Amino acid sequence: WPFIVKYKPGVGRLMVAAREIDQGELIFTESCLAQGPNHTLFSPYCLDCLKEVPDTAACTKCGWPVCGQECEIGQNHSIECKTLTENKDNIDLEYMKSKGTLYWPISTLRILLLSKENPGSWSVIQRMMSHREEHRAKETWPMYDEHLVRMIRDKCGLGDMFSDEEVEHVSGVIDVNSIRLQSHGHGVYMKTSIMSHSCTSNTKTIMNEDQTVDVRAVLPIPRGSEITKSYVSSLETTQLRQERLMDGWYFRCKCLRCCDPLEGLSFASSVACLKCKEGLILSTNPLDGDADWSCGDC
């Protein structure tokens, strides 16, 4: 492999180049450990292929939304179908639909069930960042506790197999480490999730048609340098990037670009000065949301 994994206190695992990596070089390709529907879905979507389906479309065994016979036995839905079928009488689908929480437990349930068959993957999942305490501090946590944790442990009968902490950890791992699939799904890619964020990242993550991902170097990466990706759009301003990173990943970036008011001469966060009509207004301290802004000319 062209990379090794190291541990850094306060950061966790990170990916480091084991040799010189050329610009454009394929660093690795990987498949998804597990995928599932977004929590924001309200209309019916197939649990296997993630396509929108009619209200009447349902698995003949468990009763959850699927396209038809092919998706009923598909590789994704088959992970949880047996568990949902065995506990069908405990699960009130109509109540979950009314609360908009029907899809909340699916991805977490899949990873937990897969972990029973693959201890190696479970070992990796347990070492991934989940920000469990931050999740529990959110106002929405009581709903997640009811419709995700209690759903999996109590209504799906897995309470003796997985603790509250383990269910919450997997849910958090999905929240901060998953990659968007299409426009209404997400997947967990274990190697890709190791890469730390940088607003001037040296890689590009490319989603393939078969839902594998390619990670390619966009810059030459010297041996021993960290391999990074950008968790947010590089076209956004420093203030917006910082806000998104704090909301989604619970940290503030302090990379060279974020510390530089000029953002590497891109002036991406600058505003035209309406007073002198010529200068640009920049923050005196991009990392401080309350810092003064001033024009470089007047």
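The lining of the largest pocket divides by class into 12 nonpolar, 21 polar and 12 charged residues; here Ala, Val, Leu, Ile, Met, Phe, Trp, Tyr, Cys and Pro count as nonpolar, Asp, Glu, Lys and Arg as charged, and the others, Gly among them, as polar. The model is predicted, with local features needing pLDDT of at least 70 and side-chain atom pairs counting only at pLDDT 80 or more, while totals for chains, interfaces and linings use all residues. Residues are numbered from 1 along each chain as its sequence is written, and side-chain values use heavy atoms, with hydrogens and water left out.

Rolling a probe the size of a water molecule over the atoms shows where empty space is left. On a 1 Å grid over the protein atoms alone, a pocket is an open set of points with protein on both sides within 12 Å along at least five of seven lines, a cavity is a set where a 1.4 Å probe fits but cannot get out, and lining residues have an atom within 4 Å of a point. Grid points are joined across faces, edges and corners, and a volume is the space filled by probe spheres set on the points.

| Space | Volume | Lining by class |
|---|---|---|
| Largest pocket | about 1600 Å³ | 12 nonpolar, 21 polar, 12 charged residues |
| Second largest pocket | about 660 Å³ | 14 nonpolar, 9 polar, 6 charged residues |
| Largest cavity | about 40 Å³ | 4 nonpolar, 4 polar, 2 charged residues |
| Second largest cavity | about 30 Å³ | 5 nonpolar, 3 polar, no charged residues |

The largest pocket, with a volume of about 1600 Å³, is lined by 45 residues, of which Ser-178, Ile-179, Arg-180, Tyr-231 and Trp-249 are the closest to its centre. Helix α8 (164-177) is among the elements that supply at least two residues to this lining, and α8 gives the most, with 7 residues; helices (H or I, at least four residues) and strands (E, at least two) are DSSP runs, numbered from the N terminus.

The second largest pocket is lined by 29 residues, and those nearest its centre are Val-11, Ser-196, His-197, Tyr-231 and Phe-251. Two or more residues of this lining come from each of β1 (3-8), β2 (12-17), α8 and β7, with the largest share, 3 residues, given by β2.

His-197 lies in strand β7 (residues 196-197). His-197 counts as buried because its relative accessibility is 12%, where buried means under 20% relative accessible area, exposed over 50% and partly exposed in between (1.4 Å probe, protein chains only). The side chain of His-197 reaches the backbone nitrogen of Tyr-231 at 3.0 Å. When neighbours within four places in sequence are left aside, the residues in contact with His-197 (heavy atoms within 4.5 Å) include Tyr-231, Leu-245, Phe-251 and Cys-253.

The structure holds 2 cavities of 30 Å³ or more. The lining of the largest cavity includes Thr-238, Asp-260, Leu-282, Ser-283 and Trp-293, and α9 (238-249) and β12 each supply at least two of its residues. The second largest cavity is lined by Leu-33, Ile-111, Leu-114, Ser-115, Asn-118, Ser-121, Trp-122 and Ile-125, with α4 (106-117) and α5 (119-127) as the elements that give two or more residues to this lining.

Strand β12 also belongs to an open sheet of 3 strands, ordered β11-β12-β13 with antiparallel pairing, in which β11 (271-272) and β13 (293-295) are the edge strands, each pairing on one side only. Two strands pair if DSSP finds at least two bridges between them, and 2 bridges join β11 to β12 (residues 280-283); the bridge partner of Val-271 in β12 is Ile-281.

Technical notes
Polar contact = N/O pair within 3.5 Å; in protein donor to acceptor, adjacent residues only side chain to side chain.
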